[in-house]
Amino acid sequence: MAKINTNSNVYTIVYATILVIIVAVLLAVVNAALKPRQDANVALDQKKQILASLNERNLGDQLSEETYQKLVSEETFDSLTYYVAQTEDGTKFILPVYGAGLWGGIWGYIALNDDKNTIYGTYFDHSSETPGLGGEIKTEAFQNQFIGKHVLNANGEFVGLGIMKAGQTADGMEQVDAISGATITSKGVETMIITSIQAYANKGFFAKTSSEISEAIETSETSETSETIKVEEE
Amino acid sequence: MALSEKTREAFLGPLNKNNPVVVQILGICSALAVTVQLKPALVMGIAVTIIVALSNVVISALRNTIPSRIRIIVQLVVVAALVTLVSAFLKAFAYDVSVALSVYIGLIITNCILMGRLEAYAMSNGPLDSFLDGLGNGFGYMWVLVVVAFVRELFGSGTLMGFRIIPNSWYVANGGVYENCGMMVMPAMALILVGCVIWAHRSLNKEEEK
């Protein structure tokens, strides 16, 4: 067979066309074949993330599935999705949050106690933040900072939390430490929490009936006393 | 199996005398980005090594058929298709790994080392030599990343691979006199460190200079 001129116009066009068709078909076939498995993985991962916000981490696939089925149910509040978990420590409300980091999307789940104020646990994740910098929002060390913080102010209004660099104080809300070297991602988390949960606040998620208000006052007085006792014991 | 001189050189060259980062000055961007900690640096190094080696083989096998005018585009298509396939398989069969790696995928495709080796080596050499060249360049890239990340994580955070090395009690906040070197977390310091590695490398390889 005579050697084909690989630089001729016809050859170039035919080659490019065939290459594109082969790659497109290959990618389409592989994606279609793998999609069911991938979707199952994604669904399981979301359940693991919700469990992580309940401080149940590293459970493995089967145990995660079982624990999720046992504890968590999905609810809607005026067209907004949230999750309710019945744990040993009481009822928890889990709100999904979405936002923008430096390079891409960030998201997470905030688990609140049944007072809809104190944070029980959090989980944050990202798609393209830099590993070691913005990527640190995925670590337990960053997420555990939020435990015990309050998202409502003294008047019961939703204010969120500040994520502050060393030496700075948040105005009118509680705060946690930002990640050094990752200011934009840290501020992105702060904005994400405030904006996402504000949507729930605007629809009345945090509104209290008058009996809930007096119950809350009683509970906070008792818990303050027990906290003082704990400190002295240590 | 005795490897020819050329084949051995394809693998050993990039580890030292023809190192992609230190001599060819390729792949600097990711060398600065992922070396804040040791673990991401290792993951990135391994990922780049695999992709460079595999795409080198594919392009080398196709090299006599690729029209010269569109060769860069064809190389890009092959690399992008390869990375997409690898990541699709990982997402289906090893989901945790795929999530951890998804952040690096964008960084791998744009790594200059990839296009550099495909154009400079795979287009003119056989598949076995190209595969070894890819492995060599990947490992050469990886050791530079590991050195820079080692220094940056140790002096920037006091940890290595996440394990605390510098005791907590040494820190000023806990009554000691030590503070982490904040500059280590910044990319500027990474560039200075890469410069230091180049300096050390050139001094040790003086006889190569003309």
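The model is predicted. In chain A, five strands form an open antiparallel sheet, and helix α4 lies across the strands.

**Interface of chain A and chain B**

- Chain A brings 32 residues to the contact, and chain B brings 30 residues.
- Nine residue pairs are in polar contact across the interface, counting pairs with both residues at pLDDT 80 or more.
- Helix α1 of chain A (residues 9-53) supplies 17 residues, the largest share of the side of chain A that touches chain B.
- That side of chain A has 12 nonpolar, 15 polar and five charged residues.

**Sheet of chain A**

- The strand order is β1-β2-β3-β4-β5, with antiparallel pairing.
- Strands β1 (72-77) and β5 (119-126) of chain A are the edges, and each pairs on one side only.
- From one strand to the next, the twist averages 25 degrees.
- Strand β2 (residues 80-87) and strand β3 (residues 90-100) of chain A run antiparallel and are joined by five bridges.
- A:Gln86 has A:Thr91, in β3(A), as its bridge partner.

**Helix across the sheet**

- Helix α4 of chain A spans residues 183-202.
- This helix lies across β1, β2, β3, β4 (105-112) and β5 of chain A.
- Helix α4 of chain A runs at about 120 degrees to β3(A).

How values were computed: Residues are numbered from 1 along each chain as its sequence is written. Chains are lettered from A and ligands numbered from 1 in the order in which they are written. This is a predicted model: local features need pLDDT of at least 70, side-chain atom pairs count only at pLDDT 80 or more; totals for chains, interfaces and linings use all residues. Side-chain values use heavy atoms; hydrogens and water are left out. Contact means heavy atoms within 4.5 Å. A polar contact is a pair of N or O atoms within 3.5 Å; within protein, one must be able to donate a hydrogen and the other to accept it, and residues adjacent in sequence count only if both atoms are side-chain atoms. Helices (H or I, at least four residues) and strands (E, at least two) are DSSP runs, numbered from the N terminus. Ala, Val, Leu, Ile, Met, Phe, Trp, Tyr, Cys and Pro count as nonpolar, Asp, Glu, Lys and Arg as charged, and the others, Gly among them, as polar. Two strands pair if DSSP finds at least two bridges between them. Axes are lines fitted to C-alpha atoms, for helices over the stretch in contact, and angles run from 0 to 180 degrees between N-to-C directions.
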